[in-house]
Structures are given as structure tokens and as C-alpha cells.
Amino acid sequence: MASGNLGLTYGGQEKTPSLSGETEFAAEAGAPGGLFHADYKRHDDLKQMLDSSKDSLKLEAMKRIIGMIAKGRDASDLFPAVVKNVVSKNIEVKKLVYVYLVRYAEEQQDLALLSISTFQRALKDPNQLIRASALRVLSSIRVPVIVPIMMLAIRDSVSDMSPYVRKTAAHAIPKLYDLDPEQKDELVMVIERLLSDQTTLVVGSAVMAFEQVCPERTDLIHKNFRKLCAVLVDIEEWGQVIIIGMLTRYARTQFTDPNINGTNHSEKDKPFYEESEEDDEKGKQTESLVLDPDHRLLLRNTKPLLQSRNSSVVMGVAQLYHHLAPREDVAIVTRALIRLLRSHREVQTVVLNSIASMSVNRKDMFEPFLKNFFVRSTDATQIKLLKLEILTNLANESNITFILREFQTYISSQDRDLVAATIQAIGRCAAGIKEVTDTCLSGLIALLSNSDELVVAESVVVIKKLLQTHQGSHGDIVGQMARLVNRITVPQARAAILWLVGEHCEKKRVSKMAPDVLRFMARTFANEQDVVKLQILNLAAKLCLSNPKQTKVLCQYVFSLAKYDQNYDIRDRTRFLRHLVFPSTEQALLAKYAKKIFLASKPAPVIESVFKDRDEFQLGSLSHYLNSRVVGYMDLPNFPAVAPDSNVRNVESPRPVIPVTSLRGNSASAPSKGKKKETFYSESSSEDDDVKDESGSSDSKSDSSSEMDSDSAESDSDESSSEEDPDDSVDISQQNIVRLSPSLSPSPPAQRLSRTLVIESSSESEYSSNSSDSDSNDSDKVVKSSRMPPPKSNLDLLLDLDVSDSAPVMASVSGIPLGTLASTPITDSSVQPVSAAYISTRPTELVSSISSGCGLQILYRYTRSINLYSPSMVTIELTLVNTGNEELTEVKITNKNMPVGISMHEFTTLASLPVGATRLVTVGIDFGDSTQNVSCDLVASGRPIKINFRPSVGELIRPVTCTEGVFINEQGKLKGMNEHSFSITNTLELEDMKNISTKIFRTTNMASINSSDPNTLRFAGQTLSSKSLVLVTILVGVNPKLTVSCEKMIIGSMLLAELKEALKN
């Protein structure tokens, strides 16, 4: 690494220049900062360019590195050389550095944490792109210890002047929620603020955060519903897809089913944005009883999106109409879906899959566009099969001749899958339309003489189903098919022929050739497939019962062959049939009815579309495409019987929008926006009335199109003004723009300022406030003043990070001093709990799907989080996966067998667990500071499954933090039998202290304590039940030693054994 100022100190190590001009780090054993190696030469030219003092070389190096990342190459070894350039004065270099850090911050968390102060300073940079990039990097460092910092940064960025920064804050919310779900309440308040944002650039990201954090909180959507409908056409395409999906689920909970009574009212003749004055009054009254005005508003405002260039948006609107619109109005999406069939192959597959599902119950929609579903030779096989499925669904008496003529050309295709599917489609048409049944059957019989074996085999299978569906004398057809048994080699076709011969063995023509068919099949029995062998056994049993003279000996011979078959199903079937056909004296009673059992009439099979049962999934979703519930899928709610109160969506006065353009230069452009009121913070009603008057009708939330357009125009102006070139962005210090927060104490009078716009925004204190008047403080006020307090931005708090005594204390990670992350004062007598430094995300199998007996697989994971029922309980997350073939009901825990002093809080009973579904449940167990086995039964569908819980000692501890003096003082009290030590002989394991910390955190749930001695690692924790201190010390040096001190001697001894094993691995 070329010489240069690194800008960061890695573990206190000194750097010495080598003869080659590169920097080498001291090779001290176990040094926590040993990040580089002297002989590491990879990407050496890039490192030298990054160390250069010329910005042009740094910029060229960063471009090459970003290019490497774009091509999928690993550039993680350049992280130390790149991260130091985060303080570069060059804007272009800094942008590319942030792009790199977003990619590798999660992998190089320790190094990224060292630069956290730089990221915090960047959050107040005048350039909006730098502020947004810093927030994006900060949210990419997935370390629980910086959760308070991330929370503070997000809360402050929500009030940022730039919509782009607010959008980035919305994207950071799900990352913080995944890192610490306990922050949900605060994040919901932030999301509520973002949902009320008037800028279209922010709304889509806000809804995305809402969907991932709190999709059940429909109360947050009530007051924003009409605004979302109004600005939907102006939002970016990605945001439109998210909002349409959310509004679909919201509408299913707020509006009644428009098709429940079969009375539909189409809007075909109505304009898009205004109601026709020529409508009949009676028709209006009737429609208002069926369709809620907000329901109609949603349908009207999503209709223009059918012309979107983005296929996902069109598909989203189509599924919204499919699930929400009256039947007659759903047809307007047809042309848009047909247009998507000209897109790429992947888009065609998804759209055709949805059309195939819709065509089952909505045939009239797509019948006029029948020719658009004809198969082309250039189509992929999957697309051909989907088009064939749609053509079959649309077949009726009027167009069946047209469709069958098209099917005839497909049979001669070279695509064997298409040929097989076409023959099946002909069979479905014959079964569903009685007028063409005989014609299709004749055509299928003619195919039996085809030279292609696949065509013949598929025809046999379809003819078999048709003969089952249509009762009658089919001896001639069965006889013709029986002659093919020696020519067809496809197992399914051979099995179908044998089944037909056995079913019609009493018919005159079939009874003569049936013994010969059985004789031929007995000769090749050993070489047949299992499905054919089973039908040979059935045929032998039926012929023995109907014609014992000719076939009894032959039947015994077949049974003898099957008795020693390798397949146990065939052996079991043989034993079953032998006792019925050749009974002993004790079994003669059942044998009397053997003929009625085997030769009874069978129910006809139901030939229907495979897309018929996909209505349970939301159209266009991945679950609908796969016809299986995937992880993360949310069921579409059912329509309510009675619609909830619609007044919850009435909003009296929205927050006024202050365009950023009004802040530039002088106040020459102010008159175009109207006169601005001069006011400070005031609760008087007169000033509130003035602000309301200033808002005017343009900001009111109404259903008229003109008001929607005005809102959209203001949103557009706000968005366009904020998305200008970064070099032209507003400099807050130059424009004298400050933020006033009610939480800040007033300051002494400052200098007189002229032409000053003061924008009031909610600070982070407003989010934590529980006052009922919080809604009144959300509106922005525009004031002009000649005298004002000195400016102080909320962003300044990011560097101070003064956490009160009641706030949770952050733990240090991997030997990083606590003070480098946050200024959290801890008194000498304080021992405070902190969040876990390591949480396993990979569950372990507790019960396999085979051993459970019902297809239920159970996985478990220790969450290392505080149990909501009792803080002394260990929280265990169980993952229940139904891998069986039947739905499991009443899943619960019973028969708890626990020793004295141990208690359990089980999860709420699951009413059902569908096939393929996955459910996460939580169990809390108070082990009483012991590792005794806790057993219980998990019952699913009445079948008990024995499960056992036995934790490791490390999971019975919660992490705590304290000062080094408190640690040494408490350790001095735990001497003698309370102290367990072990001399470490393998010193090679102690060279990397960060690796040691990682092994300790994986083994036991403890926190790292700041140590003044670089050769000493200290960890502290408390037992969950008795809150006894558990202290671990690792000495690195001449005589390395591991010491565990605990009042509970058994806990200390067992923990020492686990730590010894962890350090060996």
C-alpha cells in the first residue's frame, strides 16, 4: 500500500515504511487491527492510485473499481483503501466511494464502523446526494449497536428539505426494522409522517416501507387514501406497482363486494375524471348504493395506468380490476393485457398465466381476441402450452369448429410437448361440449393409426377418459385399442389400454380377446413399469372372476410373478387380490362380493382446467404463478359484509406544500405563490385560520378532477425543484434557512436577518411525544421575520448523540471501544442490559418431516431477544413447515413435562397450516438457570409429536455492559470456587482478537467490555432467571488464559467447557 495518510487508526497499530515504499503494519500477535499483510499485492495499482494526492487518479481508480463490481468481480480487499477516501473533498470521488460502501459495508462491518463519524457529518452536507448516500451506507451496516444512530438519522432525514433524502430515509426503514423489530412503534410514526408527504418522489417509497413494516395498520391509509389515488399517475412506475398492490388489499377491507348481488353498473360511458351531467338520476342513485364513491375513485384513477409502458403497472391494474371492479367493468383491461403479449418472453409468460386464470370464469372478456392466442412457431414451449390452455378455456359451441381446425395443425408440429397438450385439449373440448363429442372421439381414434408413437399413446390416454365420461357400448373402440398393446411402449398408454380391457371384459367382443391380452402381458411382466404391472394384476383378477375357465391358471401365474417383485406396492396389491380371488374358507364371505367390487361402475373423471383452483391467490403474484404459497405472501382479505365508516377518509385541511423554488435567490418570485403570512409559533385560533385561508381550495382533498390536478401540479413542482443538479442545490447556510424545533430551548436574540424564510418542521422529539395534539404540529408554517434565534439544525444532534440515562446503552462489538460509536455515559456502579452482539439467523432442525409422521418439519432458533411474557424466559423461534399432502389443523403444544422451577409460555393455537405453508411461532421457556431437558408434545391434526428443548449455557445469559472498573471490582468478588480458569496451549488461535470475539459471541450471549489493556478481552453477562453476573476474561500474552467467573458454579463450569470447545474450532 503506497504511503499516504490513512485517516483512520486501526487498533492503535503503528505503520512503518518498507524499502519498497509500501506501508507495513506491525506483526504483533493477536493485534486487533491486523487487517493487511505485507506481501499482499492484489490490486496494488488501484491502491496506489487511491493513495495519490490527485483527485483525477482517485476518480479513475474508483471508476475502475465500480466497473469491477458491475461485472461481478470481488473488490472487497480494496475496502480499507477506499473507505479512507470518504473524506475526499471531490464530490465525484465521494459519490463513487459511497456506492462502493453500500455494496460492501455489510461484509466489512468493523471497518465501516470506524468511519461512522464521517457518515454522520455527511448527513448535514449541503449536497442532497451526499446526504442520501451517507444515510444509505449507514443503513447498510447491519450491526445492532448502531440502531440508535440509524433511528436518529432516519427521524431527522424525514424532515429534510430534499425529497430525494426523504425517499432514501423511507428505504432505510425496512433495513432498520429487519435489524431490530423492537423499533416498530417508532418506525410506524416515521412512516405515518412519510405517508403524508406531498412529493410524489417520496410517496412510493413510503408505501413500500409501510408494506414491509406494518401492512396491518390500515388506519394509516385512511387519511391518505384519496391523496394516493390523486397522485398515482404522477408517481414513478416502481412506486405505482407498490401502491396499487397496497390499495387492492386496502379496498378489500373497506368496500363491499360489487358483484355480491349480481347487479353490476358499468362505467364504460363515463368520462375518466368527471361525472357526466347527462346521466340519469335514477341510475346514479342505484349505483351509489352499490359502489362507494371512494371505491369508484380508485377504479377511475387507476384506469389511465392501463396505457403505461411498464408491464408491471399494467398487470397491477389488471389484478386490481379483477379483484375489485364490477364484472362488466373488468373487460376494460383486456386490450391492455393483449398489448403485453408483444413484450418479451418472460412478460408473455406471466401475462398468459394470468389470462389463463381469468379465462376460466371470464370467457366473454377474451373471446373477441381469440386469434391473439394462436400458437406461433417461434413461441417458446411454455408460451405455446399457455396459449393452448387459454384456447381450450374459451371454447364454446360457437367457436369450437374454428378452434378444432387450429388444433389439427398443432398435432403435426415437431414440438412433442405441444402435440401431447393438443390431444389433451381436444379431449377437454369433447368432454365439455357435447355437440362435438362424437367428432372428437372419431378424430382421436383416427390418430391411433398415426406413425408417431407419442401421438398414439396420448390419444389412448385421452380416449380412456372420454369413454369413462360417456357411458355406452364401446366394445369396438376397446378392441381396436387392445390390438395396439404390442406396439405402444409408453407406460401410461399401456396401462390405460389394460384398464379399458378389464373394465369391458364382459362385453362380447372384448371378452374373446381379453385372455390373449393377459397372456401377452404375463410374458413381459418382469420388464414392465410399475404402473403397467398394477394394471396387469387388476386385469388378471377381473378376468379370473368373469372367465375363470380360461384365465384361472394364468392369473395364478401372474400372482406368483408379482409375489417376488421389488416394489412393495405390487407385492401388497398381490396379497390383497389373492385373498379375494382365491379365498380360504375363512375369507369366503368377502370373496362372494369380489365380482361386484372389481366390476362395479366407476365414477367419471372430471376433466377441467388446471387453473381453476388458483383463485385463492392474488392475480399476478408469485404464489399465483407457481400455484403454491411462497414465503412472505399475504392473503387477499375477503370483502366485508358491511362496509366500515367512510368518514375516516375525510381530511379537513392537508398540510400546505412549500415549493423549494421559493427558497432560491431573492423574493422576486414570491408574489406568484401568493402572500405569505408572517407568524411565529402560536396556538391562537386566528393564526390557524390564516394558515387555513392561505391553503385555499387547491390543497383540499376532494373528489373533483380539478382539485386532483392542482395537487398533482404542486407535487410536480415540488419534485422538479428538488431534483435539480447537485451543484445547484440549495445551500442552507447561504439562504439563511433554519429549522425551529419546539423541543429546543429558546436562545438569546441574534443578529437581524433580511429576506429570511423560516420553515418549521417536526423534529425527532415530536415522534417520541405522546401528546394528543401532535397532528396540529405537523403542518408547515411560512413566516417572515426580521429577528430570530440563532439557527441550529436537528442534523447537529447526529454528532453529539447525547443519550439520556434512561435510553438503552449500546454494546461494543468485536473489540471496538464503546466511545467510538456513541457518547453514552455510564457511572461506575451501572450494570445495564444491552442488545445481543450476535443473533443466529439460520434455524436448526428439531423434528424432520419424516419422523413427525404427518409431514410437519419443525426448525428452531434462539432469537436472543427479551421475551414479552417474562424477561427471565429464553425466546425460541419455531418454524413450522407443512411438507405433507394434507392440511394440518389445531397446531398447539400440550403435555408439557417440565422439572420443578421451569415454566413455559407456549404459542397461540394455529387453526390451520395449509400444504406447503410456513409459520413462525415463538415459545418462551424459563429454564431456571439450568440446562435440564424440557419435553412436550406439539399436536397437529390430533397427532402428537414429541419435542425436547435443551439449551446450551450460553443461551441462558443476557448481555450487560459496565465500565472496566466495575468489571474488575465484581470479578474480584467471584474468587475461589466461583472462578473457573483454563490455560490456553494453542496460541495460534489468539493471533486474531476479532476472531476470538466472534467465537465468544457465537457461543454465548454476552457483551464486550472496553478494556484499557490491548492484551485482554473482557465479556459480561447476566443469567436470565437469577440475574447472576457472568464474567469472562481472556488474557493474551506469555501465558494465555481463559477465566469464567460466576456465582452459579455449575453455570461457570459448563460455560468454560463450551468456550474451550469454541476456541478449538
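Biologist: How do you know which parts of the chain to read with caution?

Modeller: By pLDDT, the predictor's confidence in each residue, from 0 to 100. The mean pLDDT of the chain is 76, and 75% of its residues reach 70 or more. Over residues 1-40, however, the pLDDT is below 50. It also stays under 50 over residues 654-828. Where pLDDT is low, the predicted coordinates should not be read in detail. The model does have 274 contacts beyond four places in sequence for residues 654-828, and 65 contacts beyond near neighbours in sequence for residues 1-40.

Biologist: Why is Ser935 called buried?

Modeller: Buried means under 20% relative accessible area. Ser935 has 7% relative accessibility, so Ser935 counts as buried.

Biologist: What does Ser935 touch, leaving out residues up to four places away in sequence?

Modeller: A contact needs heavy atoms within 4.5 Å. By that test Ser935 touches Asn895, Lys896, Asn897, Lys946, Ile947 and Asn948. Phe949 is 14 residues from Ser935 in sequence, and their C-alpha atoms are 6.3 Å apart.

Biologist: In which strand does Ser935 lie, and what makes that strand a partner of S15?

Modeller: Ser935 lies in strand S14. Two strands pair if there are at least two bridges between them. S14, residues 934-940, has seven bridges to S15, and the two run antiparallel. As one example of the pairing, Asp937 stands opposite Lys946 in S15.

Biologist: Why are S12 and S15 said to stand at the edges of their sheet?

Modeller: The sheet is open, has four strands in the order S12-S10-S14-S15, and pairs them antiparallel. Strand S12 (910-913) and strand S15 (943-949) each have a single partner strand, so one side of each is left without a neighbour in the sheet. From one strand to the next, the twist averages 35 degrees.

Biologist: What makes strand S19 mostly covered?

Modeller: The cut-off for buried is under 20% relative accessible area, and eight of the eight residues of S19 (1016-1023) are buried. Thr1016, Arg1018, Ala1020 and Gln1022 point one way from the strand, while Leu1017, Phe1019, Gly1021 and Thr1023 point the other way. Residues on both sides are buried.

Biologist: How do you know which strands pair with S19?

Modeller: Count bridges again; at least two are needed. S16 (residues 957-961) has three with S19, in the antiparallel sense, and Ile957 has Thr1023 as its bridge partner there. S18 (residues 1007-1009) also pairs antiparallel with S19 over three bridges, with Ser1008 opposite Phe1019. S20 (residues 1029-1035) has seven bridges to S19, again antiparallel, and Gln1022 stands opposite Leu1029.

Biologist: Which of these pairs form hairpins with S19, and through how many residues?

Modeller: A hairpin joins S18 to S19 through six residues. S19 and S20 form a hairpin with five residues between them, and Lys1027 in that turn has a positive phi of about 60 degrees.

Biologist: Why is helix H16 described as mostly covered?

Modeller: Nine of the 10 residues of H16 (293-302) are buried, the cut-off being under 20%. Among them are Asp294, His295, Arg296 and Leu297.

Biologist: What makes the approach of Asp292 to Asp294 a polar contact?

Modeller: The pair must be N or O atoms within 3.5 Å. At the start of H16, a side-chain oxygen of Asp292 comes within 2.8 Å of the backbone nitrogen of Asp294. The distance therefore meets the cut-off.

Methods:
Residues are numbered from 1 along each chain as its sequence is written. This is a predicted model: local features need pLDDT of at least 70, side-chain atom pairs count only at pLDDT 80 or more; totals for chains, interfaces and linings use all residues. Side-chain values use heavy atoms; hydrogens and water are left out. Axes are lines fitted to C-alpha atoms, for helices over the stretch in contact, and angles run from 0 to 180 degrees between N-to-C directions. Buried means under 20% relative accessible area, exposed over 50%, partly exposed in between (1.4 Å probe, protein chains only). A polar contact is a pair of N or O atoms within 3.5 Å; within protein, one must be able to donate a hydrogen and the other to accept it, and residues adjacent in sequence count only if both atoms are side-chain atoms.
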